[in-house]
Amino acid sequence: MSFLQRYTNAAQDVILHGLKLVGVRYRLGGNDEDSGLDCSGFVRLAFKESIGTLLPRTAGEMSKVGQRIDSSQLKPGDLVFFNTMRRAFSHVGIYLGDNHFMHAPRAGAEVRIESMESSYWVKRYNGARRILGDEEN
């Protein structure tokens, strides 16, 4: 099965739009690809531009929408959350499958794909939410 065949409909649209944003520079509070994106700005833009879903502005607010899911149930397109600022749900990314996610990591970096199995992310993993219903993916 090819990388793209794994994703269907809404999840595929979100992921493909997110992949187009890889390389966009990080900017705290950033909401668009021209001036830069922060983690929640990246996730919001990928969902809004691809499937028209409007998500809350911050990672903390995003952690309250959708359906909470166990890490063993992760599907491409789910939101994954991390504690990167000594508070729960302070960072968010989009799960891709195979323990990888895409996100806007920090100042001085760009939107990129990383492994959730790296020790940094394993220690900070907070949980996941499913925004896309089963009828959409």
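**Figure 1. Salt bridge between R57 and D38.** In this predicted model, R57 counts as partly exposed because its relative accessibility is 23%. The residue forms a salt bridge with D38, and the closest N and O atoms of the two are 3.1 Å apart. The pair links distant parts of the chain, 19 residues apart: D38 belongs to the loop between β2 (36–37) and α2, and R57 to the loop between α2 and α3. D38 has a relative accessibility of 7% and therefore counts as buried. By the rule applied here, the count of salt bridges comes to four.

**Figure 2. Salt bridge between K48 and E49.** The closest N and O atoms of E49 and K48 are 3.6 Å apart in this salt bridge. E49 counts as partly exposed because its relative accessibility is 45%. K48 is likewise partly exposed, with a relative accessible area of 42%.

**Figure 3. Surroundings of E114, with R112 and H103.** The side chain of E114 takes part in a salt bridge with that of R112 (3.1 Å, N to O), and also makes a polar contact of 2.7 Å with the side chain of H103. E114 has a relative accessible area of 18%; since buried means under 20%, E114 is classed as buried. R112, at 28%, is partly exposed. H103 lies in strand β6, which spans residues 100–103, and counts as buried because its relative accessibility is 0%. When neighbours within four places in sequence are left aside, the contacts of H103 include F42, H91, V92, G93 and W121. E110, V111, R112 and E114 are also among them.

**Figure 4. L96 in strand β5.** Strand β5 covers residues 91–97 and contains L96. With a relative accessible area of 2%, L96 is buried. L96 and R44 are separated by 52 residues in sequence, and their C-alpha atoms are 16 Å apart in space.

**Figure 5. The largest pocket and its lining.** The volume of the largest pocket is about 430 Å³. A total of 22 residues line the largest pocket, and those nearest its centre are Y26, T84, M85, S90 and H91. At least two lining residues come from each of α2 (39–51), α3 (59–62), β7 (112–115) and α4 (119–124). Sorted by class, the lining of the largest pocket comprises nine nonpolar, seven polar and six charged residues.

How values were computed: Residues are numbered from 1 along each chain as its sequence is written. This is a predicted model: local features need pLDDT of at least 70, side-chain atom pairs count only at pLDDT 80 or more; totals for chains, interfaces and linings use all residues. Side-chain values use heavy atoms; hydrogens and water are left out. On a 1 Å grid over the protein atoms alone, a cavity is a set of points where a 1.4 Å probe fits but cannot get out, and a pocket is an open set with protein on both sides within 12 Å along at least five of seven lines; lining residues have an atom within 4 Å of a point. Grid points are joined across faces, edges and corners, and a volume is the space filled by probe spheres set on the points. Helices (H or I, at least four residues) and strands (E, at least two) are DSSP runs, numbered from the N terminus. Ala, Val, Leu, Ile, Met, Phe, Trp, Tyr, Cys and Pro count as nonpolar, Asp, Glu, Lys and Arg as charged, and the others, Gly among them, as polar. Buried means under 20% relative accessible area, exposed over 50%, partly exposed in between (1.4 Å probe, protein chains only). A polar contact is a pair of N or O atoms within 3.5 Å; within protein, one must be able to donate a hydrogen and the other to accept it, and residues adjacent in sequence count only if both atoms are side-chain atoms. Contact means heavy atoms within 4.5 Å.
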